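Let's take a walk through a protein structure together. Keep the picture in view as you read, and look for each residue when its name comes up.

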Amino acid sequence: MINTILLIAAIIIMLAIFISAYRFIIGPDLVDRVISFDLITVSSIALIVIIASLLGKIIYLDIAIVYGILSFLSVIIIGRYIEKGM
Amino acid sequence: METLKIIGAVITLIGSIFIFLGALGLLRMPDFFNRIQAGTKASTLGTMLSILGIGIINYEWAGKIIILIVFVFMTNPLSSHVIARAAYYIKTNLSSRTVVDKLKSKTDTNL
């Protein structure tokens with residue numbers, strides 16, 4: 001029962017990632033693609049935590065922290081590059 | 001104990017619905033600044049609720065779950081603020097329906 005609800009939540013998050021990837025392909029500007037990348041990585045944090053609970057291993061939570069750090073640093077570095085140059 | 005786990009699973013489901021609505025807003029909004037509002041606000045809250053639900057189900061993982069929640073809560077709004085400011089300064093097009101522009105008089109770029 002609990003695993004069924006968690007599986008439905010994981011499928012809904014995967015649909016959100018696909019919709020965000022569609023905006024990544026279509027988006028007519030650079031900044032549209034940056035915000036779609038941010039949404040993909042933050043949603044995949046939640047997805048990895050759900051998969052860690054379904055498979056029962058605590059070690060997968062470290063991967064989620066690494067995704068969080070990567071997403072945060074990437075968006076800030078791209079923002080600084082756009083505004084001021086290298 | 002079984003009821004507590006079902007409550008945790010329902011909280012995770014509500015969090016995933018928030019993430020889905022945030023991505024839907026990213027698809028349908030007419031302008032870049034609307035998209036960034038819909039995307040980051042909804043996805044930050046949805047991720048926090050999802051991780052909290054998983055933390056209620058397996059309460060031995062509470063330390064790492066709390067670290068994850070505090071990290072997402074503090075860094076996601078900061079990164080979206082940086083990208084919104086950069087997009088304003090390189091003169092991204094505002095939508096045709098925008099009526100209020102409070103930053104216009106305070107910048108030194110001729111917009």
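Buried area is the accessible area, found with a 1.4 Å probe, that two parts lose on being put together, summed over both. With that idea in hand, we can look at how the two chains of this predicted model meet. Between chain A and chain B, about 4,000 Å² is buried, and carbon and sulfur atoms give 82% of that area. Chain A brings 44 residues to the contact, while chain B brings 45 residues. On the chain A side, the residues that lose the most area to chain B are A:Ile2, A:Arg23 and A:Ile35, which together make up 14% of what that side buries.

Now let's turn to the inside. In soluble globular proteins, nonpolar side chains tend to be buried together. The largest nonpolar core here has 44 residues. Those with the most contacts inside this core are A:Ile13, A:Val49, A:Ile50, B:Phe32, B:Ile51 and B:Ile65. Both chains take part: helices H1 (2-26), H2 (30-55) and H3 (61-84) of chain A, together with helices H1 (2-28), H2 (32-57) and H3 (62-89) of chain B, each supply at least two residues of the core. Helix H2 of chain A gives the most, with 11 residues.

Which residues is A:Ile50 in contact with, leaving aside its neighbours within four places in sequence? In chain A they are A:Leu6, A:Ala9, A:Ala10 and A:Ile13, and in chain B they are B:Thr12 and B:Ile54.

A:Leu7, A:Ile11, A:Met14, A:Leu15, A:Phe18, A:Ile51, A:Leu54 and A:Leu55 make a nonpolar surface patch of about 740 Å². Helices H1 and H2 of chain A are the elements that give two or more residues to this patch, and H1 of chain A gives the most, with five residues. Take A:Leu55, which lies in helix H2 of chain A. Is A:Leu55 buried or exposed? Its relative accessible area is 53%, and exposed means over 50%, so A:Leu55 counts as exposed.

Next come the charged residues. Side chains of opposite charge can pair when their charged atoms come close. How many salt bridges are found across the interface of chain A and chain B? The count across this interface is three, and over all chains the count also comes to three.

In one of these salt bridges, the side chains of A:Asp32 and B:Arg35 meet at 2.7 Å, N to O. A:Asp32 lies in helix H2 of chain A and B:Arg35 in helix H2 of chain B, so this pair joins two chains. Both A:Asp32 and B:Arg35 are buried.

Another salt bridge links A:Asp62 with B:Lys64, whose closest N and O atoms are 2.9 Å apart. This pair also joins two chains, because A:Asp62 lies in helix H3 of chain A and B:Lys64 in helix H3 of chain B. A:Asp62 is partly exposed, at 32% relative accessible area, and B:Lys64 is partly exposed as well, at 28%.

The side chains of A:Glu83 and B:Arg85 meet in a salt bridge too, at 3.3 Å, N to O. The pair crosses from helix H3 of chain A to helix H3 of chain B. A:Glu83 is partly exposed, with 27% relative accessibility, and B:Arg85 is partly exposed, with 39%.

Key:
Residues numbered from 1 in each chain as written. Chains lettered and ligands numbered in written order. Predicted model: local features only at pLDDT ≥ 70, side-chain atom pairs only at ≥ 80, totals over all residues. Heavy atoms only, no water. Core = buried A, V, L, I, M, F, W, Y, C linked by side-chain atoms within 4.5 Å. Buried < 20%, exposed > 50% of the residue type's maximum accessible area, 1.4 Å probe, protein only. Helix = DSSP H or I, 4+ residues; strand = E, 2+ residues; numbered from the N terminus. Contact = heavy atoms within 4.5 Å. Patch = residues over 30% accessible without salt bridge, like charges linked within 9 Å, V, L, I, M, F, W, Y side chains within 5 Å. Areas by Shrake-Rupley, 256 points an atom, 1.4 Å probe, with all protein chains shown as cover. Salt bridge = Lys/Arg side-chain N within 4 Å of Asp/Glu carboxyl O.
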